[in-house]
Amino acid sequence: MALNQEQKKQFKSIGHHLKPVLIVGENGLTEGVLAELERALNDHELIKVKFNLSEREDRRTLMEELCQSAKCDLIQTIGKMALIYRKAQPQNRSLSNVVRHSL
């Protein structure tokens, strides 16, 4: 799903106040990490992910793999944090960060 610049700007402003809900360590994208990622995206749509890797290239590669496997959009990266988005079907209005912070 291609997001326009206005949507990305809105998501960045929402994501600024979020805390990471998923932390990816040295083991990379394990089954447990991917399962938790699916759950978090289905519930919250817009989430922060922290990558505890020291090498910048390794982090970048892992971020791209994560977005490909989860079929989500990478909104922003700052250091070890990535902000990602995937529209949930159906949308949970009480848990969705997009809905709760857009009101």
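Reply: Lys71 is exposed, with a relative accessible area of 67%; exposed means over 50% relative accessible area, buried under 20% and partly exposed in between, with a 1.4 Å probe and protein chains only. This is a predicted model, in which local features need pLDDT of at least 70, side-chain atom pairs count only at pLDDT 80 or more, and totals for chains, interfaces and linings use all residues. Residues are numbered from 1 along each chain as its sequence is written, and side-chain values use heavy atoms, with hydrogens and water left out.

Lys71 sits in the loop between helix 3 (56-70) and strand 3 (73-78); helices (H or I, at least four residues) and strands (E, at least two) are DSSP runs, numbered from the N terminus. Although not a glycine, Lys71 has a positive phi of about 55°, and this comes just after helix 3. Most residues other than glycine have a negative phi.

Helix 3 itself has 15 residues, which at 1.5 Å a residue should span 21 Å, the expected span being 1.5 Å times one less than the number of residues. The end C-alpha atoms of helix 3 are 21 Å apart, which agrees.

Buried in helix 3 are Arg59, Leu62, Met63, Leu66, Cys67 and Ala70. They cover an arc of only 135° around the axis, so they lie on the same side of helix 3; the arc is that of the directions from the helix axis to the C-beta atoms. An α-helix has 3.6 residues a turn, so residues three or four places apart point the same way. On the other side of helix 3, Glu57 and Gln68 are exposed. The cover over the buried residues of helix 3 includes strand 1 (20-24), helix 2, strand 2, strand 3 and strand 4, where contact means heavy atoms within 4.5 Å.
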